[in-house]
Each structure stands twice: as C-alpha cells, then as structure tokens.
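This briefing is for a reader who is meeting the structure for the first time. Please look over the sequence and the model before going on to the notes.

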Amino acid sequence: MSQTVTVGISDLNVVRAPNVLVTYALGSCVGICLYDPMAKIAGLSHIMLPSSAEMASIKTQVYKFADTAIVALVKKMESMGARTIRMKAKIAGGAQMFAGGGNSSLASIGQRNVAAVKAELARLRIPIIAEDTGKNYGRTLYLDAGDGSMRIKSVNRGEWVW
C-alpha cells in the first residue's frame with residue numbers, strides 16, 4: 001500500500017515506489033520533481049525564491065532557494081541509491097500571482113524562480129522532460145515514485161498528468 005508524503009513550502013522530501021509526494025499552494029513558488037526510473041526513487045522540492053545569494057541573512061534556510069534546495073534534493077536522493085546521471089526533472093509553478101505589478105521584483109518572482117530552477121538543473125545536467133509553469137493560477141502537484149508521473153490539480157482548471 002502506498003503512502004502520500006506532504007512536502008511543505010520551503011521543504012523537500014524523497015520516497016521510493018510505490019509512495020507519492022504532494023505539495024500544495026504552488027503559486028509563484030516552483031515544485032521540482034526529480035526521478036530516477038531505475039531505482040524508482042522520487043524527490044520533490046518546493047522552492048520560494050531563486051537565489052540564496054540575494055538573501056544573505058537567511059542562508060541557513062537551504063530548502064527555500066532554487067540554487068541550494070536542488071543540490072540538497074539530489075544529495076538526499078543519492079543517499080538512497082539514486083544516480084544523478086539517470087535523473088529526469090519535471091517542474092511546475094512559477095505563476096504570476098500578483099496582478100498589476102509590471103516588472104517589479106514581486107510581480108516577476110515566479111518567472112525568476114523558473115529561470116533559476118532551469119539554470120540549476122542545467123548546471124547539474126539533469127534534463128527537464130515536462131514543464132507546467134507560468135500563467136496566473138495556483139497548483140497542487142503530485143509525484144508518483146512508481147512511474148515518475150507528475151499530476152497537477154488546479155481549482156477551476158481541473159487535473160492533468162505529465
């Protein structure tokens with residue numbers, strides 16, 4: 001019987017098949033799903049901000065930032081037997097949740113988060129094979145460690161699988 005493990009905001013976790021990871025309230029935040037299909041190990045991170053360099057005073061919150069959380073997620077997956085070379089990524093979130101902000105830092109945080117996630121995954125040579133980012137609505141994300149599928153639910157928009 002599978003277990004569903006919740007990943008909170010600025011958090012991450014790793015599970016083996018047949019378990020499922022879920023994170024709620026992905027607005028401008030980005031959910032990063034990593035999956036090793038041979039080991040059947042899945043990892044999910046829910047990041048809030050693009051770079052720890054911008055927030056020197058709170059660098060201890062590693063899971064909050066794209067640049068530090070993804071590295072931590074990979075290390076945790078490797079400690080369970082996953083191999084980076086086999087990992088594939090799927091990402092979701094990065095919405096523009098604050099209307100009328102123009103190009104302000106707050107209005108563009110979703111886009112900046114997505115760009116930072118893509119840059120870090122490219123640096124680690126982990127390919128992104130599915131993406132559901134941007135737009136102006138929140139998402140709930142499920143990652144199934146059995147097959148690596150990413151399921152998205154959104155109020156008034158339904159449900160879809162990547």
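Strand 9 and strand 10 form a hairpin, with three residues between them. In the turn of this hairpin, Asn 156 has a positive phi of about 65°. The model shown is a predicted one. The points below start from the hairpin and go on to the sheet, a pair of helices and some single residues.

**The hairpin**

- Strand 9 covers residues 150-154 and pairs with strand 10 in the antiparallel sense, over four bridges.
- Ile 152 has Trp 160 of strand 10 opposite it.
- Ser 154 has Gly 158, in strand 10, as its bridge partner.
- Asn 156 is placed in the loop between strand 9 and strand 10.
- With a relative accessible area of 81%, Asn 156 is exposed, because exposed means over 50%.

- Five strands make up an open sheet in the order 1-3-8-9-10, and the pairing is mixed.
- Strand 1 (4-6) and strand 10 (158-161) are at the edges, and each has a single partner strand, so one side of each has no neighbour in the sheet.
- On average, neighbouring strands of this sheet are turned by 20° against each other, direction ignored.
- Strands of a sheet pair through backbone hydrogen bonds, in a parallel or an antiparallel way.

**The two helices**

- Two packed helices are described by the distance between their axes and the angle between them.
- Helix 1 spans residues 66-79 and helix 2 spans residues 109-123; their axes come within 9 Å and cross at roughly 45°.
- Helix 1 and helix 2 are therefore oblique to each other.
- The crossing of helix 1 and helix 2 is right-handed.
- On the helix 1 side, the contact involves Ala 66, Asp 67, Ile 70 and Val 71.
- On the helix 2 side, the contact involves Ala 116, Val 117, Glu 120, Leu 121 and Arg 123.
- The residues of this contact divide into six nonpolar, no polar and three charged.
- Glu 120 lies in helix 2 and touches Ala 66, Asp 67, Ile 70 and Val 71, leaving out residues up to four places away in sequence.
- Glu 120 has a relative accessible area of 9% and is buried, because buried means under 20%.

**Lys 90**

- Lys 90 is part of strand 6, which runs over residues 88-93.
- Lys 90 is buried, with a relative accessible area of 11%.
- Apart from neighbours within four places in sequence, the contacts of Lys 90 include Gly 31, Ile 32, Cys 33, Ile 129 and Ala 130.
- Gly 148, Ser 149, Met 150 and Trp 162 are also among the contacts of Lys 90.
- Between Lys 90 and Ala 53 there are 25 Å in space, C-alpha to C-alpha, and the two are 37 residues apart in sequence.

**Loop residues**

- Ser 10 sits in the loop between strand 1 and strand 2 (11-16).
- Phi of Ser 10 is near 60°, a positive value in a residue other than glycine.
- Ser 10 is in contact with His 46, Met 48, Tyr 63 and Lys 64, not counting residues up to four places away in sequence.
- Ser 10 and Val 62 are 52 residues apart in sequence, and their C-alpha atoms are 8.2 Å apart in space.
- Pro 18 is found in the loop between strand 2 and strand 3 (20-26).
- The peptide bond leading from Ala 17 to Pro 18 is cis, and its omega is near 10°.

Note on methods. Residues numbered from 1 in each chain as written. Predicted model: local features only at pLDDT ≥ 70, side-chain atom pairs only at ≥ 80, totals over all residues. Heavy atoms only, no water. Pairing = 2+ DSSP bridges. Helix = DSSP H or I, 4+ residues; strand = E, 2+ residues; numbered from the N terminus. Axes fitted to C-alpha atoms, helices over the stretch in contact; angles between N-to-C directions. Parallel < 35°, antiparallel > 145°, perpendicular 65-115°, else oblique. Left-handed = near helix turned anticlockwise from the far one by under 90°. Contact = heavy atoms within 4.5 Å. Nonpolar A, V, L, I, M, F, W, Y, C, P; charged D, E, K, R; others polar. Buried < 20%, exposed > 50% of the residue type's maximum accessible area, 1.4 Å probe, protein only.
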